[in-house]
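Please look over the sequence and the model shown here before reading on.

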Amino acid sequence: MAISSRGTSLFEVMITLVIVAILATVGYPSFHSYLLQARRGEAQNHLMALQLRQEEYRLVHGHYTADMQQLRPDPGSDYDFQLRLNDLGYVLTASARADSRQSQDTGCHLLSLDQDRQSEPTACW
């Protein structure tokens, strides 16, 4: 005569929890790295959009603007965007906010793009 068991034992639940904990421990750092890269990609896309708006402004007005508000920066970002004019044109920069999640993106805190599409640091682009 076969004995049927209903439900799960405490041992089975504990084994399941251990397996889930191991998978979470292994998977979280990789997932976190992908999130940092995704947010950095958003900042890069926004820098390129600002560059296009700066070039549009130059086509209409004959010169580059020094006013970042003319380029309509994205206020809801993990980065602060700045615009600096120089003798050759301009440099757009995105710096990770110290209080944001992106501050953990080591080596890529500051992204820049100039009028010739030269980007720095190259390892982050």
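The sections below go from the whole chain to single residues.

## Basis of the report

This is a predicted model, in which local features need pLDDT of at least 70 and side-chain atom pairs count only at pLDDT 80 or more, whereas totals for chains, interfaces and linings use all residues. Residues are numbered from 1 along each chain as its sequence is written, and side-chain values use heavy atoms, with hydrogens and water left out.

## The chain as a whole

The chain holds one helix and four strands, arranged along the sequence in the pattern α-β-β-β-β. Its radius of gyration is 24 Å, well over the 14 Å that the globule rule gives for 125 residues, so the chain is more spread out than a compact globule. In these terms, helices (H or I, at least four residues) and strands (E, at least two) are DSSP runs numbered from the N terminus, while the radius of gyration is taken over C-alpha atoms and the globule rule is 2.2 Å times the number of residues to the power 0.38. Along the principal axes, the C-alpha trace spans about 95 × 25 × 25 Å.

Of the 125 residues, 32% are buried, where buried means under 20% relative accessible area, exposed over 50% and partly exposed in between (1.4 Å probe, protein chains only). Among contacts with a separation of 6 or more, 40% are between residues 24 or more positions apart, a contact being heavy atoms within 4.5 Å.

Gln44 lies in helix 1, which covers residues 10-61, and Gln44 is buried, with a relative accessible area of 12%. Leaving aside neighbours within four places in sequence, Gln44 is in contact with Leu111, Cys124 and Trp125. The side chain of Gln44 also reaches the backbone oxygen of Cys124 at 2.5 Å.

Gln115 belongs to the loop between strand 3 (110-114) and strand 4 (119-120), and Gln115 counts as buried at 15% relative accessibility. Beyond neighbours within four places in sequence, its contacts are Gln51, Glu55, Tyr64, Leu88, Gly89 and Tyr90. A polar atom of the Gln115 side chain lies 3.0 Å from the backbone nitrogen of Tyr90, and the side chain of Gln115 makes a polar contact with that of Asp116 at 3.4 Å. A polar contact is a pair of N or O atoms within 3.5 Å; within protein, one must be able to donate a hydrogen and the other to accept it, and residues adjacent in sequence count only if both atoms are side-chain atoms.

## A buried serine

Ser100 sits in the loop between strand 2 (90-96) and strand 3, where Ser100 counts as buried at 11% relative accessibility. A polar atom of its side chain lies 2.8 Å from the backbone oxygen of Arg97.

## Backbone features

Most residues other than glycine have a negative phi, and most peptide bonds are trans. Arg72, although not a glycine, has a positive phi of about 55°; Arg72 is placed in the loop between helix 1 and strand 1 (79-85) and is exposed, with a relative accessible area of 53%. Arg117, in the loop between strand 3 and strand 4, has a positive phi near 65°, and Arg117 is exposed, with a relative accessible area of 53%.

The peptide bond from Glu120 to Pro121 is cis, with omega near -20°, and Pro121 lies in the segment after strand 4.
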